[in-house]
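Hi,

Here is the structure I promised to pass on. Have a look first, and my notes follow below.

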Amino acid sequence: MRGMHRLRRLLGLVPLEAPPREGLDSKYERRSPHAQNALDLISGWTGSFPGALGLEAGNLALHADQRLHWALDQYGLVEGASVLELGPLEGGHSALLEARGAESVLAIEANKKAYLKCLIAKEIMELKRCRFLLGDFEKYLHETDTEFDIVLASGVLYHMQNPVHVLDRIGRRCQTMILWTHYFDPEIMHENETRRGAFLGEIKTLEHDGQSYRLYQRGYHEAWHADSYCGGPDDTHYWMERPDIIDLCERNGFNDIRVAFEDLDGPNGPSCLFYMTKQEGG
Ligand SMILES: C[S@@+](CC[C@H](N)C(=O)[O-])C[C@H]1O[C@@H](n2cnc3c(N)ncnc32)[C@H](O)[C@@H]1O
C-alpha cells in the first residue's frame, strides 16, 4: 500500500505537501505575532472589535451597544457594581460593562466555541475585571445563592426550556436586571403570520407561585449546524408573553420597570429592552 502511495507521489498524482490547514487544525502559527492571528483561530465571529484595534471579526458592535449604554445610564454610577452576565457569546457586552466601570463581571457561557472566543476577546481587549466560566447558567442560578448588583440577561430568555424558572431565579439574585428579549405577542403573531412559522404549535400554561404563565414552544429546526448559530443547547425552547414577563418580575420585587428599544417588526419576533430595579419604599 505504501509502495503504491510512493509511486503515485512520484507520478505527481498526490501533492508532496498537504495544503496549509486553517485555525486549530494546524499546530503552529507562522505569521508575526498579532491579535488577528488569535481571532483567525476560530471561525464565525459575530461581533466586531473597537475600530482602533484594526481587527477583522464580525459586524455587530456589541462592545459599543447603545441598548446596554442606555440601561447603564438608567442605573447611574456603575463603578463598584458586581455583574452577572448570562451568555456573553464573545465578550462584547462584558467589555462594555468593564469600560463603564463595573467592579466585577462574572460571565457564564455554555457554548464551547463561544467560550474560547470570550477568552481570546478578554486577552485582546485586556479585560481585567471580567471572568468567564464555561457552563450552564441555569445550573449556576439553581445551585448558588450569590447575589449581584446587576444581572445582564441579553438575548437568552427566549432560548430557555423553562423561561419562567430562569426569570424567577434571576430576580432572586439581583437588585437590577437588564433584560433584552424577544417575546410572544398573540395579537401581532396571529396564525398566518410568517414569524409564527418557527413555532411548533404547543402552547402550555405553567403554574408558578400560584400564577399562570403562557409558554409558546418554538424550534430552531437544527439551525445549530450553522457556524453562526448562537442560541441555546436545546432544539426546542419556549417564549413568554410580554405582560407575563412583567408580572413575574413585579412579583419578585422589581417596582421600577422601564422599557426601551421596543421593536415589533423584528424578523424573528417582537423584542424590547427591560431595565428593572427594586427601589426601596417603592
Ligand atoms: C443570542 S446569544 C446572545 C449573546 C449576547 N448576550 C447578546 O446579547 O448579544 C445567546 C448566548 O447565550 C448562550 N447560552 C444559551 N443558553 C445558555 C445556557 N443555558 N448557559 C450558558 N450560556 C447559554 C449562547 O451560547 C449564546 O452565547
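Before the strands come up: two strands count as paired if DSSP finds at least two bridges between them. Helices (H or I, at least four residues) and strands (E, at least two) are DSSP runs, numbered from the N terminus.

Two housekeeping points. This is a predicted model, where local features need pLDDT of at least 70 and side-chain atom pairs count only at pLDDT 80 or more, while totals for chains, interfaces and linings use all residues. Residues are numbered from 1 along each chain as its sequence is written, and side-chain values use heavy atoms, with hydrogens and water left out.

Let's start with strand E1 (82-86). Leucine 86 stands opposite alanine 153 in E4, and E1 pairs with E4 in the parallel sense over 4 bridges. E1 also runs parallel to E2, with 5 bridges; there, serine 82 has serine 104 as its bridge partner. Since 5 of the 5 residues of E1 are buried, the strand is largely enclosed by the rest of the structure (buried means under 20% relative accessible area, exposed over 50%, partly exposed in between, using a 1.4 Å probe and protein chains only). Ser82, Leu84 and Leu86 point one way, Val83 and Glu85 the other.

Next, helix H4 (residues 92-99), where 7 of the 8 residues are buried. Those buried residues pack against helix H3 as well as strands E1, E2, E3 and E4 (contact means heavy atoms within 4.5 Å). Together, E1, H4 and E2 make a right-handed β-α-β unit: with the strands pointing away from the viewer, the path from the first strand over the helix to the second runs clockwise. Just after H4, glycine 101 has a positive phi of about 105°.

Now the charged pairs. Taking a salt bridge as a side-chain nitrogen of Lys or Arg within 4 Å of a carboxyl oxygen of Asp or Glu, the count is 11. In one of them, arginine 100 meets aspartate 73 at 2.8 Å, N to O. Arginine 100 sits in the loop between H4 and E2 and aspartate 73 in helix H3, so this pair ties together parts 27 residues apart in sequence.

Another salt bridge joins arginine 172 and aspartate 209, with the closest N and O atoms 3.6 Å apart. Arginine 172 is partly exposed at 43% relative accessibility, whereas aspartate 209 is exposed at 63%.

Which residue forms a salt bridge with aspartate 256? That is arginine 258, at 2.6 Å between the closest N and O atoms. Aspartate 256 is buried at 16%, and arginine 258 is partly exposed at 28%.

Cheers
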